[in-house]
Amino acid sequence: MAFPETVLPLVVELNLGGWVDVSSHVYRRDMVNISRGRADEAAQVDRSTATLTLNNRDGRYSPRNPVSPYYGLIGRNTPIRIAVERGLTYLALPGGDGDEATCPDSVATSVTGDIDIRIDVRLDDWRDIADLAAKFKVTGNQRSWAFYMEGGVLTLVWSANGTATITTTATALIPVPASGRLALRVTLDVNNGAAGNTVTFYTAPDISGSWTQLGDPVVTAGTTSIFNSTAVTEVGDITDLPGGGTIGRCYAFQLRNGIGGTVVANPDFTIQTAGASSFADTASSPNTWTIAGGAEISNRHYRFHGEVSSWPPRWDLTGQDVYVPVEASGVLRRLTQGSSILGSALYRGRIFDTAGLVAYWPFEDAEGSTSMAPALNHGAMSITGSPEFASFDAFVASHPIVTLNGAELRGPVPQYTDTGLTQVRFLMAVPAGGAEDGQVVLMFYGTGTVRRWEVFYGTGGTLGLRALDGVGGPLFTSGAISFGVNGELLLVSVELTQNGANIDWNLLTLEPGAASGLSTSGTLAANTVGRIGTITVSPAGGIASVAIGHVSLQNAVTTLFDLGPQLEAWAGERAGRRVQRLCREEGIAFRPIGDLDDSTRMGVQRPNPLITLIREAAAADDGVLFEPRDMLGLGYRTRSSLYNQVPALALDYEAHELAEAPSPVDDDQNVRNDVTVTREGGSSARTVLETGALSVLAPPSGVGRYDAEVTVNVEYDLDLFDQAGWRLHLGTVDEARYPTISINLAHPSIAGDATQTEDAHELEMGDRLTITNPPSWLPPEDISQIAQGYTEELGNYEHTLIINCSPESPYQVAVYDSDRYGPHSSTLAEDLTTTETGADVATTVGPLWTTAAGEMPFDIMIGGERMTVTAISGASSPQTMTVTRSVNGVVKTHATGAAVRLFRPAIYAL
């Protein structure tokens, strides 16, 4: 027997130096309550929470109880996770080396001709690297084939002789599935007639199909074959391919001999027993599969990951009922409590993404400083003279930096490993009028035969580099290199590489916004660099009006031009990538949904608290920030992933799949018909809905004015018009809201359907859910909503989801070369009875309706009745439409002047 005939298999674990199962101490007399996402279309995501009660009769959950087995392990922000173990099983793939399922080599699995490989997976990141399946062994040259994904591109590798490999990649990116689940397929026709050999890639919702070709077939001249190797067949991590394993789940895998041919390997992980270490598949000649590494057959579905911030002991007066009411929260609780402002983009770039960083002084010190503070654990720079602190603010990637004003700045470099590579970088801004001719901008001392290196300024705005020996004698001078530094904002880099007995040197500059910079290079023979001991800016205070900042030393040489995005404070960075990068820099686990590269281009990243920057990115893209169920961290769902979704959860009202009757609301909570969008530090754009039911017109022609002002950090002012239009579109949805939709996972209609249970478990923020067959007193179309959040209750025999919803229709957007446009304004030119199939339609604004037979059929709406247009005649208005009536079950008459519109009008996406 299974739930709900038996108790819900609930798993609660605490991370006490390792995950410890405490499920037996959870008081099931109280519900476990979980909430995630937004509540009732709130402006931003709430922190996720979970509440439960732990039995504390033996005091083990009292943090300061010395006799508790968890003494010293339980405290503030103890990690917790909650799961249920029911529904479909799957092959869990944590992503480590050797996390896989394998079957031995056999005659059947040794396909040497046409091959067909299929796999059904749910991946954490569809733009990362993921091994899929292989029969591929390097040792002994036993390479047959390997199938994997990198950066959203599918790749098939095979060998005809076990040694040399042939690699073919798909010509199109994998479409990122909103649900995270997708079946992938590749076929190899080894001898496609005169065309040669052909590789074709496909995708499908699951392994049962139906398959959609991905890009064009890749045709190569000549025939080929696949080597008959002795390698095992692997699903998951491909042991002999570099690049990492798979993070996610695998539901099924198929290997076929021939395209669409005999199935020779067929592990269906959804029908296996959770925890099984091996099983036989259902291929024509069954194979025995073994689970290896950290992989496992599991039916565990995580409902929550968070942290317990406090452990309040409670008891009754008898002392018999001792318990701890636990409230856990996602990582947003901590992030929203913190208010410290993150450092500038250049500071963060140096700290988080700089190889071999030895010493670093940002020079962002405030007025009144007596030294230049280091960003690392080493000495400050001493000051001789009176520099102007925080006086130059033209670098958008930096806080204001210092203007030298005739001061000398000297800093000690800590001991470090001499790698033979030395790199010194700094910001520099010389005024348009130039600086003092021949003066040294920056100097550093080394322990090699070159004792001093100098970057110097020359007349007319040039820079040069020179090296001097221990007595000050010149070893080389690059001369006056015409960088044209006057009036420019520059990042300057000196790169020194010990190449045997010689030094290869390079002097480079990069301007913000430039695709590349200027450089000059050469070789200094028979000399060494050694370690750098001291860095001095403006020796003897010879420079006045030049601004300097972000002086750093590395014992690695990296590409200066990769720092362009940092130098522009990440302007132009995609919103999803910004959230991902910020999380990576702060050590926060991150989960993407959708293609992060298909999100809004951001403006500059200004100094702000972390959560402000993350929410700023989500707001600019109008995507969904969330806390994942299955890890402690943050997730981001792109706006584009909300478009035109297939329902992630399809409910049937007549099949009693709802726990409560939905309560539609027609109100003005989200009406916004006059929208102004402003770019921070830029211009603004305004758009107004001036006609229609939700326009600014006074009732009954409209609803009156509902204005909104929004500030977004987008890259360009021109982006604001699209931003305003999209937000007006969202604010003028003319349909009822369904604030909550409730489902009972213990009801037979769901509990008895493994797929429906799986869909309910996997419902994520931003997913589409539908309700078919609504009652007759509601509009006849399916109810289609976006899940914004939910509350969840788990008990002994109870498991309910109350889903917070918003209308999904705004996210049905036009698809190029698929959707159609209609006239701006069309009305009936005659009355229609309930049965007439010829409708005269007058067009007053916009082009006429098409009369091309190839454009038929399509659906229109008149007075709530959906009709299918099968033909249109007439070269002038009015035109006659031949229609099929009552497609949605509505039977009614229509009066002259009734509006005629497309059932699905084409909407431009943001």
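Helices (H or I, at least four residues) and strands (E, at least two) are DSSP runs, numbered from the N terminus. The model is predicted: local features need pLDDT of at least 70, side-chain atom pairs count only at pLDDT 80 or more, and totals for chains, interfaces and linings use all residues. Residues are numbered from 1 along each chain as its sequence is written, and side-chain values use heavy atoms, with hydrogens and water left out.

**Exercise 1.** Determine where Arg 350 lies, whether Arg 350 is buried or exposed, and which residues Arg 350 touches.

*Solution.*
1. Arg 350 belongs to helix α2, residues 345–352.
2. Buried denotes under 20% relative accessible area, exposed over 50%, and partly exposed in between (1.4 Å probe, protein chains only). Arg 350 has a relative accessible area of 3% and is therefore buried.
3. Contact requires heavy atoms within 4.5 Å. Not counting residues up to four places away in sequence, Arg 350 touches Leu 357, Tyr 360, Arg 425, Phe 426, Leu 491, His 550, Ser 552 and Gln 566.
4. Gln 566 is 216 residues from Arg 350 in sequence, with a C-alpha to C-alpha separation of 9.3 Å.
5. A polar atom of the Arg 350 side chain lies 2.9 Å from the backbone oxygen of His 550.
6. Along α2, the buried residues are Ala 345, Leu 346, Arg 348, Gly 349 and Arg 350. These pack against elements including β23 (357–361), β28 (421–429) and β37 (547–554).

**Exercise 2.** Characterise the surroundings of Arg 637.

*Solution.*
1. Strand β40 (residues 633–637) contains Arg 637.
2. The relative accessibility of Arg 637 is 0%, so Arg 637 counts as buried.
3. A polar contact is a pair of N or O atoms within 3.5 Å; within protein, one must be able to donate a hydrogen and the other to accept it, and residues adjacent in sequence count only if both atoms are side-chain atoms. The side chains of Arg 637 and Asp 767 form such a contact at 2.7 Å.
4. Beyond four places in sequence, the contacts of Arg 637 include Ala 178, Phe 626, Glu 764 and Asp 767.

**Exercise 3.** Identify the residues that touch the most other members of the largest nonpolar core.

*Solution.*
1. A nonpolar core is a set of buried Ala, Val, Leu, Ile, Met, Phe, Trp, Tyr and Cys residues joined through side-chain atoms within 4.5 Å.
2. The largest core has 47 residues, and Phe 363, Met 428, Trp 453, Ile 535, Ile 548 and Val 551 touch the most other members.
3. Strand β33 (residues 489–499) gives the most to this core, with 4 residues.
4. Ile 548 touches, among others, Phe 363, Phe 426, Met 428 and Val 537.
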